[in-house]
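Please open the two-chain model in a viewer and keep the selection panel at hand.

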Amino acid sequence: MSEIKSHPNRLGLWGWLGGGRWGVERYLYTLHRLTGLGLLAYFLMHIVVTSARAISPERWKAAMDSVSGPVFVLGEYLVFVAFAFHAINGIRLVLVELGWAVGEPIEPVFPYRTSVDVQRPLAIGAMILAAIIIVLGGLDFFFLK
Amino acid sequence: MIRDAKLWTWHVLAGIVILVFLALHMAIMHLDVLLGWFNAPGTHPIDWANVVARGKSVFFTVTYIVLLGAALFHGLYGLRNILLELNPPAWLKRATGVILLLAGLGFFILGTWVAVASHTLAGSV
């Protein structure tokens with residue numbers, strides 16, 4: 001049985017966050033992690049705060065009043081932004097991981113092409129879609145109510 | 001490694017489940033003016049009447065529990081992967097897994113109780 005080679009993260013935090021000379025997809029990866037951690041923190045608090053709905057209308061109203069006001073609206077919008085980015089970028093990651101968005105293997109003939117040539121338009125398209133959802137959410141949060 | 005590959009597959013599948021149900025949740029709760037789904041006209045999604053209406057629905061109760069489980073697994077397994085990249089010693093890896101598993105089970109029990117209790121409460125209103 002072959003030995004599994006480990007690759008310790010010697011760079012620590014920079015290994016988590018830094019994109020170095022890698023392309024835009026590497027920074028999308030970093031942002032995916034950051035938004036994921038933010039969404040997880042919010043989600044755990046959300047479970048606790050919204051548990052008031054199982055008790056009584058008064059407790060529900062008190063819970064919702066405790067998280068109202070402009071600061072919380074802004075915070076909620078940031079959660080919405082994180083969700084839109086994480087969801088759309090997640091779809092992109094699944095497409096890439098399953099091999100549906102990396103193109104067919106080709107002969108290495110000059111001028112060379114890489115899978116990034118296929119992935120980059122997908123990344124740009126995904127970010128445009130996320131931006132549209134974020135703008136629509138902003139309209140609903142701040143202008144239409 | 002095979003176990004991790006399986007868990008990773010579940011992580012991706014949970015992401016797809018979350019995509020469907022959280023998108024629905026976000027559309028109902030945060031695109032309410034644009035879309036107006038499942039809320040009475042002119043009301044806010046967190047108004048008690050709307051909370052009761054959703055709580056009465058078996059669809060919302062069941063999908064809430066499915067979303068809860070999928071999101072807890074996806075989020076906590078993702079957090080575990082991020083933490084394990086720091087290459088901690090074996091005992092700390094195991095402890096991290098156990099702590100996150102217990103936390104996930106605790107939140108799942110709380111969230112499931114909330115979904116079932118509010119379904120019962122909404123049915124009595």
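Two residues are taken to be in contact if their C-beta atoms, placed from the backbone, lie within 7 Å. The model is a predicted one.

**First stop: helices H4 and H5 of chain B**

Select B:Thr61, B:Tyr64, B:Ile65, B:Leu68, B:Gly69, B:Leu72, B:Phe73, B:Leu76, B:Leu79, B:Arg80, B:Leu83 and B:Leu84 on H4(B).

Now display the helix axes. Those of H4(B) and H5(B) are 10 Å apart, and the packing angle is about 165 degrees. Because angles over 145 degrees count as roughly antiparallel, H4(B) is roughly antiparallel to H5(B). The crossing of H4(B) with H5(B) is right-handed.

**Second stop: H4 of chain B by itself**

Which of its residues are buried? The buried residues of H4(B) are B:Phe60, B:Tyr64, B:Leu67, B:Leu68, B:Ala70, B:Ala71, B:Leu72, B:Phe73, B:His74, B:Gly75, B:Leu76 and B:Tyr77. Their cover includes H1, H3 and H5 of chain B, together with helix H2 (24-49) of chain A.

The axes of H1(B) and H4(B) lie 8 Å apart, and the two helices pack at an angle of about 135 degrees. That angle makes H1(B) oblique to H4(B). The crossing of H1(B) and H4(B) is left-handed.

To see the contact, colour B:Leu7, B:Trp10, B:His11, B:Ala14, B:Gly15, B:Val17, B:Ile18, B:Phe21, B:Leu22 and B:His25 of H1(B).

Turn next to H3(B) and H5(B), whose axes come within 8 Å and cross at roughly 110 degrees. H3(B) and H5(B) are therefore roughly perpendicular to each other. The contact is formed by B:Val52, B:Gly55 and B:Lys56 of H3(B) with B:Ser118, B:His119, B:Leu121, B:Ala122 and B:Gly123 of H5(B). Three nonpolar, four polar and one charged residue make up this contact of H3(B) with H5(B).

Show both chains. How many residues does each chain give to the contact? The contact takes 32 residues from chain B and 32 residues from chain A. On the side of chain B, the elements that give two or more residues are H1 (2-30), H2 (32-35), H3 (48-56), H4 (58-84) and H5 (90-124). H5(B) gives the most to this side, with eight residues. By class, the side of chain B that touches chain A has 22 nonpolar, eight polar and two charged residues.

Most residues other than glycine have a negative phi, and most peptide bonds are trans. Select B:Phe38, in the loop between H2 and H3 of chain B. B:Phe38 is not a glycine, yet it has a positive phi of about 65 degrees. B:Phe38 is partly exposed, with 16 other C-beta atoms within 10 Å.

Move on to B:Asn87, in the loop between H4 and H5 of chain B. B:Asn87 also has a positive phi, of about 55 degrees, although it is not a glycine. With 13 C-beta neighbours inside 10 Å, B:Asn87 counts as partly exposed.

**Last stop: loops of chain A**

Select A:Pro111, which lies in the loop between H4 (70-97) and H5 (116-143) of chain A. A cis peptide bond joins A:Phe110 to A:Pro111, with omega about -5 degrees.

Finally, centre on A:Gly23, in the loop between H1 (13-17) and H2 of chain A. Is A:Gly23 buried or exposed? A:Gly23 is exposed, because 12 other C-beta atoms lie within 10 Å. The C-alpha atoms of A:Gly23 and A:Gln119 are separated by 11 Å, although the two residues are 96 residues apart along the chain.

Methods:
Residues are numbered from 1 along each chain as its sequence is written. Chains are lettered from A and ligands numbered from 1 in the order in which they are written. This is a predicted model: local features need pLDDT of at least 70, side-chain atom pairs count only at pLDDT 80 or more; totals for chains, interfaces and linings use all residues. Helices (H or I, at least four residues) and strands (E, at least two) are DSSP runs, numbered from the N terminus. Ala, Val, Leu, Ile, Met, Phe, Trp, Tyr, Cys and Pro count as nonpolar, Asp, Glu, Lys and Arg as charged, and the others, Gly among them, as polar. Axes are lines fitted to C-alpha atoms, for helices over the stretch in contact, and angles run from 0 to 180 degrees between N-to-C directions. Angles under 35 degrees count as roughly parallel, over 145 as roughly antiparallel, 65 to 115 as roughly perpendicular and the rest as oblique. A crossing is left-handed if the near helix is turned anticlockwise from the far one by less than a right angle, and right-handed if clockwise. A residue is buried if 20 or more other C-beta atoms lie within 10 Å of its own, exposed if 12 or fewer, and partly exposed in between; C-beta atoms are placed from the backbone.
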